[in-house]
Amino acid sequence: MTPKGSMAIGGGPPITHLPPAMKAMFQPGPPLPYIYRPKKRKASALSGIADWVKLFETSEPPERIIMETRRDRKYDRKKAKEAIQAAKLNQALKTWDPHQPPAEIAHLITKEPYKTLFV
């Protein structure tokens, strides 16, 4: 049985049997440069807002401009359509006669109920 990391024939680690071009790929790179630990800086002193109060605005803010949003425009269109439809419905209710058929289907209705064909 061969020891771990060696080849059965020829002895030695397997890298010794590789050509020089492939051995170069397994060579270690240069050592990493040493980087000194950064020095700890002193934290800045905490202060309140008393120094900044003099920079605040003292005048009233301008009047807020409220723009119409997409939702508002959609709601307005919906309400306008509902108003138009309600006006049409009121007009149709005023002209409606329950004893006479509408003019659109009056020519299709027979005068004799016994001559009506049900399919």
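## An aromatic pair

In this predicted model, Y34 is exposed, and Y36 is exposed as well. A search of the whole structure finds one aromatic pair, and it is formed by these two residues: the ring centres of Y34 and Y36 lie 5.0 Å apart with their planes at 85 degrees, so the pair is classed as edge-to-face, given that planes over 60 degrees apart fall into that class.

## Secondary structure and overall exposure

The protein has two helices and zero strands. The loop between α1 (20-25) and α2 (70-95) is where F56 is found, while K78 belongs to helix α2.

Of the 119 residues in the protein, buried residues make up 0%. The accessible surface of the protein comes to about 13,400 Å², and carbon and sulfur atoms account for 62% of that area.

## Surface patches

Two patches, one nonpolar and one positive, can be described residue by residue.

The positive surface patch is formed by R70, R73, K74, R77, K78 and K81. Among them, K78, found in helix α2, has a relative accessible area of 51% and is therefore exposed, since that class begins over 50%.

Conventions. Residues are numbered from 1 along each chain as its sequence is written. This is a predicted model: local features need pLDDT of at least 70, side-chain atom pairs count only at pLDDT 80 or more; totals for chains, interfaces and linings use all residues. Side-chain values use heavy atoms; hydrogens and water are left out. Patches are made of residues with over 30% relative accessible area and no salt bridge: like charges are joined within 9 Å, nonpolar side chains (Val, Leu, Ile, Met, Phe, Trp, Tyr) within 5 Å. Accessible areas come from the Shrake-Rupley method with a 1.4 Å probe; for residues, only the protein chains shown count as cover. A salt bridge is a side-chain nitrogen of Lys or Arg within 4 Å of a carboxyl oxygen of Asp or Glu. Helices (H or I, at least four residues) and strands (E, at least two) are DSSP runs, numbered from the N terminus. Buried means under 20% relative accessible area, exposed over 50%, partly exposed in between (1.4 Å probe, protein chains only). Rings of Phe, Tyr and Trp (its six-membered ring) pair if their centres lie within 6.5 Å; planes under 30 degrees apart count as stacked, over 60 as edge-to-face and the rest as tilted. Lys and Arg count as positive and Asp and Glu as negative; His and the chain ends are not counted. The place of a charge is taken as NZ of Lys, CZ of Arg, CG of Asp or CD of Glu.
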